[in-house]
Amino acid sequence: MKFLWVNLFRSRKPRSPTACPTCHQEMAFVEKYTMGRDDIRTYRCNRCDKTHDIDFGIAMWKTMSDANRELREVESRNATQKS
């Protein structure tokens, strides 16, 4: 019974986002695409011999670009209000 409890406890461990959805083994990084708005990465599972595209959300450059644009807008509004 103790062995069963240990296996159940281990199975609750959160799965890695880079684990293969088919065989649950860790995949190898192949390519990163961030030209669009999203950060999409391609991984290849050596065990299943399949490639998977994983969307990691908004690309960091897009977030920084949006933040800089907002900062410039605020600074220009403040400059016009002071004049």
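Where does His24 lie, relative to α1 and β1? In this predicted model, His24 sits in the loop that runs between α1 (2–11) and β1 (28–33). Its phi is near 65°, a positive value in a residue that isn't glycine. For some background, most residues other than glycine have a negative phi. His24 also counts as partly exposed, because its relative accessibility is 47% and that class covers values between 20% and 50%.

A positive phi turns up at Asp49 too: the angle there is about 60°, although Asp49 is not a glycine. As for its place in the chain, Asp49 belongs to the loop between β2 (38–45) and β3 (50–58).

Now for the strands. There are 3 of them in an open sheet, lined up in the order β1-β2-β3, and the pairing is antiparallel. The edge strands are β1 and β3, each of which pairs on one side only. On average, neighbouring strands of this sheet are turned by 25° against each other, if direction is ignored. In general, strands of a sheet pair through backbone hydrogen bonds, and the arrangement can be parallel or antiparallel.

Which residue of β3 stands opposite Tyr43? That would be His52.

Terms used: Residues are numbered from 1 along each chain as its sequence is written. This is a predicted model: local features need pLDDT of at least 70, side-chain atom pairs count only at pLDDT 80 or more; totals for chains, interfaces and linings use all residues. Side-chain values use heavy atoms; hydrogens and water are left out. Helices (H or I, at least four residues) and strands (E, at least two) are DSSP runs, numbered from the N terminus. Buried means under 20% relative accessible area, exposed over 50%, partly exposed in between (1.4 Å probe, protein chains only). Two strands pair if DSSP finds at least two bridges between them. Axes are lines fitted to C-alpha atoms, for helices over the stretch in contact, and angles run from 0 to 180 degrees between N-to-C directions.
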